[in-house]
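This report looks at strand pairing and at contacts between charged side chains. Please have the sequence and the model open while reading.

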Amino acid sequence: MALTLYVDTDRWRAHQLSVIQQYPGIVPVCKGNGYGFGHERLADEATRFGSDILAVGTTYEAARMKDFFGGDLLVLTPFRKDEEPVPLPDRAIRSVSSVEGVGLMRGARVVIEVMSSMKRHGVTEEDLPKLHAAIDEVRLEGFAIHLPLDRTDGSDAVDEVINWMDRLRAARLPLDTMFVSHLGPDEFARLQQQFPRTNFRARIGTRLWLGDHTATEYRGSILDVTRVTKADRFGYRQQRAPGDGWLVVVAGGTSHGVGLESPKAMAGMTSRAKGVARAGLATVNRHLSPYLWGGKQRWFAEPPHMQVSILFVPADAPEPKVGEELTAQLRHTTTMVDRTVDR
């Protein structure tokens with residue numbers, strides 16, 4: 001019995017097609033845990049819809065993916081001079097975010113990242129005059145800009161790209177190809193219209209693989225059910241049951257990513273109030289699980305174990321049975337499933 005990712009394959013692929021049509025020349029991204037589907041599965045999908053390139057996060061991912069995908073592999077993490085050498089085929093393209101880095105990549109295929117309002121990494125406007133000599137020593141595949149998801153200052157994403165296009169043009173640098181991230185389809189179309197001689201390529205992961213939430217569903221199998229009465233002791237720490245009901249052992253623990261949560265950016269009083277409430281409950285060992293039963297999200301009876309979780313289901317809920325499955329609300333990018341089932 002397992003933690004399973006169920007995929008409505010026809011619906012999932014129909015969504016992929018809609019995104020591909022909105023972003024001609026799309027660069028599908030496959031990094032981390034493969035957005036919950038795994039690297040090999042996404043490489044197969046990219047091959048199926050005819051992509052000539054696949055973006056990965058690191059050189060280590062590129063080394064693994066070269067056996068699954070036959071096209072070009074764009075490594076998104078920028079080259080660093082002191083990085084561990086990883087053997088890669090000539091179809092690997094390295095991102096570079098400094099003039100020094102370009103100079104050290106002699107003969108290699110490179111994409112040069114420019115510094116966006118993300119302020120994460122990239123060459124600056126002051127660096128551009130120094131790039132002329134450097135790019136003569138590499139096989140330049142284009143420039144790239146990685147944009148923020150939210151623009152709380154009211155600025156326009158397209159304007160930011162245009163400003164960089166103008167800087168590159170003023171520096172007489174080639175504008176044949178520009179890789180972009182986090183643009184809506186209308187924004188992407190505006191750029192194509194304004195710069196018809198430039199090939200814009202959108203690097204997209206989340207929108208492509210996870211944009212239709214109804215196409216996928218996580219479920220954990222019930223492995224054991226034990227009836228308890230209020231104040232019965234149980235578990236590793238011998239806590240007391242909060243009431244009459246059942247202790248339900250369900251597939252999915254910390255090794256799957258269950259109970260692990262990345263920090264959230266909170267905006268507005270409502271989300272902050274919820275955060276305070278969750279923190280208050282945690283101080284008395286009350287943690288809401290991602291599992292649903294009887295139409296409600298159920299509480300962890302104790303912190304998740306490595307491969308299973310124990311939930312408390314109160315007596316007023318439907319009685320759980322071994323072999324049934326609980327739907328789980330899990331984050332794709334932090335979840336590792338036992339199996340994936342297409343339906």
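Tyr-218 has Ala-328 as its bridge partner in strand E17. The model shown here is a predicted one. Strand E17 covers residues 325–328, and strand E10, residues 216–228, is joined to E17 by four bridges. E10 and E17 run antiparallel.

Ala-328 in E17 also has Tyr-291 standing opposite. Strand E14, residues 288–293, is joined to E17 by two bridges, and these strands run antiparallel. Which residues of E17 lie on the covered face, and which on the uncovered one? Leu-326 and Ala-328 make up the covered face, while Glu-325 and Thr-327 make up the uncovered face.

**Salt bridges**

Side chains of opposite charge can pair when their charged atoms come close. In this predicted model, a search of the whole structure finds 22 salt bridges.

| Pair | N to O distance |
|---|---|
| Arg-201 and Asp-52 | 2.8 Å |
| Asp-90 and Arg-139 | 2.6 Å |
| Glu-113 and Arg-203 | 3.4 Å |

The side chains of Arg-201 and Asp-52 meet in a salt bridge. Arg-201 is in strand E9 (residues 199–204) and Asp-52 is in the loop between helix H2 (39–48) and strand E3 (53–56), so this pair ties together parts that are 149 residues apart in sequence. Are these two residues buried, or partly exposed? Arg-201 has a relative accessible area of 12%, which is under the 20% cut-off, so Arg-201 is buried. Asp-52 counts as partly exposed because its relative accessibility is 42%, a value between 20% and 50%.

Asp-90 and Arg-139 also meet through their side chains in a salt bridge. Asp-90 belongs to the loop between strand E4 (72–75) and strand E5 (92–96), and Arg-139 belongs to strand E7 (residues 139–146), so parts that are 49 residues apart in sequence are tied together. Arg-139 counts as partly exposed, with 37% relative accessibility.

Glu-113 forms a salt bridge with Arg-203. Glu-113 lies in strand E6 (residues 109–114) and Arg-203 in strand E9, so the pair ties together parts that are 90 residues apart in sequence. Both Glu-113 and Arg-203 are buried.

Definitions and conventions
Residues are numbered from 1 along each chain as its sequence is written. This is a predicted model: local features need pLDDT of at least 70, side-chain atom pairs count only at pLDDT 80 or more; totals for chains, interfaces and linings use all residues. Side-chain values use heavy atoms; hydrogens and water are left out. A salt bridge is a side-chain nitrogen of Lys or Arg within 4 Å of a carboxyl oxygen of Asp or Glu. Buried means under 20% relative accessible area, exposed over 50%, partly exposed in between (1.4 Å probe, protein chains only). Two strands pair if DSSP finds at least two bridges between them.
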